[in-house]
Amino acid sequence: MSDSNMAEAKVEDDIYTKDGTLDYKNRPANKNTTGTWKACPYILGNECCERLAYYGMSTNLLLYFKNHLNQHSATASRNLSNWSGTCYITPLIGAFLADAYLGRYWTIAGFSIIYVIGMTLLTLSASVPGLKPTCVTKDDCHATEFQSVICFTALYLVALGTGGIKPCVSSYGADQFDDDDEVEKKYKSSFFNWFYFSINIGALIASSLLVYVQDNVGWGWGFGIPAAAMAVAVVSFFSGTKLYRNQKPAGSPLTRLCQVMVASWRKYHVQVPEDKSLLYETADAESAIVGSRKLEHSKDFRFFDKAAVEVQSDHIKGSPDPWRLCTVTQVEELKAIIKLLPVWATGIVFSTVYAQMGNLFVLQGSYMDISLGGNGFKIPPAALSIFDTLSVIFWVPVYDQIIVPVARKFTGHKSGITQLQRMGTGLVISIFAMIAAGVLEIVRLDIVKRHNYYDHEHMPMTIFWQVPQYFLIGCAEVFTFIGQLEFFYQQAPDSMRSFCSALSLTTVALGSYLSSLLVTIVTDISTKHGKLGWIPDNLNRGHLQYFFWLLTVLSVLNLGAFLLVSKWYTYKKAVGTLR
């Protein structure tokens, strides 16, 4: 090849991404016209509006269950926790479809339509006579079984819809930056920070404007505005279609994981050679798995290396049987998932603490003074979550623009601190959030006792005393949730990134379920022998602080487990190129 032809080939090679991404016409993605920050505004706009819809609907949902569906405090808390948990379990469905068959673009698009249908039905259930609960006064309503079924059908449609969006959007945004381009790669960490920032811009509007609308205008408008926001989210996403870079779906990741387990079990008697070069792998630079780079062999979980030991019976008509012989990269995929699981497990208790913002924090605030000045304006208890949002909006740029550059000078790490160090910092901060909530409840109940406010719904202690616990949760989010988001994306095998993003989200689901389980256990035990229990319908006669102390103790134990897991964890190493 002549020098001029080689130069032309190099220029052409530099035009296209090296990570195997395609444009909307399934052509190699042009680096100059697709991806990076050109495409991100549409993805971030979609996420901002979708989160406005989600938080606008869910932030005040506990009081809707209690006051409009006429549910007891503990029942409303459990129903909210179960629904919230489902919203973070369904991403496993969306992630599987995205990684295996549809790709992230079409998964987001399809499930967004289901989301809009659910939001529309929820709006109708709160505004159409016959579907909405019958109210004697604003907070004295009764719902028939049919009306409750319509409401929860709509909510679980939303839970299904969000399952296709949550695991894909953050990964899809990160896909817009080429991992094999050093200039683009360094912006990826910043993308996760600004992605979470956009989430909280939506949440800010939801926890201020929409909570006020629900409490003072009506739930028809309170659910209708989020439904409209979701429609805007869909429009924003489709608007960027021509600019997106798309990863090819790689087939079922669960099938590949099962093949490794079956193959290694079939060869349980086979010895693994000391020389790793003897293990089976494709000869060229590309991985055998579509959309994935080769992974370097690791010494962990050596039993599964048996799946990559080649014996004569592994071949059928000249081709390797995938249920008997797997590549090193395929084996390392399974190892990567196994290594992620302990880190994943330590996120569950943190998510239980986080779940209290839309749950027992709201219930606690509803028994405090919600008036603002002497003008008769009342603050919806759920609106205090605005301080969590403001905390996130404050800490994201501080972390990205100040903490990271300063930490980088001391550590030499490109992100300032490692993802695991970032997550651990958030776990520490969350402990102080629970301490703040528990101390506040002790002070509140002391005032109740001294002034005999047992039968008063609101007492002369301003709800703004809740601000510290919300602010601390927001700070903890910036460290733990964003660190977790980036960690699971970076440590996931290339072809399983949606799946691993969904896996990280299931900690929120299990945190909600754990919250529900703890409330159930605490209620059963504390109400024995005719006692009112820790969380009675009249919170002034309860002991909510005991529940916060329980979460504090669990958080301390969880932090200890996280430190042990972090010390053991080794980061993955990718080699070769994508195919």
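Reply: Below, a few labels are checked one at a time against their cut-offs.

Reply: This is a predicted model, in which local features need pLDDT of at least 70 and side-chain atom pairs count only at pLDDT 80 or more, while totals for chains, interfaces and linings use all residues. Residues are numbered from 1 along each chain as its sequence is written, and side-chain values use heavy atoms, with hydrogens and water left out.

Me: What makes Asp305 and Lys335 a salt bridge?

Reply: The term requires a side-chain nitrogen of Lys or Arg within 4 Å of a carboxyl oxygen of Asp or Glu; the N to O distance for Asp305 and Lys335 is 2.8 Å, and the pair therefore qualifies. Asp305 lies in the loop between β3 (294–295) and β4 (315–316) and Lys335 in helix α10 (residues 328–345), so the bridge ties together parts that are 30 residues apart in sequence.

Me: Why does Asp305 count as buried?

Reply: Buried means under 20% relative accessible area, exposed over 50%, and partly exposed in between (1.4 Å probe, protein chains only); Asp305 has 2% relative accessibility and therefore counts as buried. Lys335, with a relative accessible area of 0%, is buried as well.

Me: Why is Phe432 called partly exposed?

Reply: Phe432 has 49% relative accessibility, and therefore counts as partly exposed.

Methods
Helix = DSSP H or I, 4+ residues; strand = E, 2+ residues; numbered from the N terminus.
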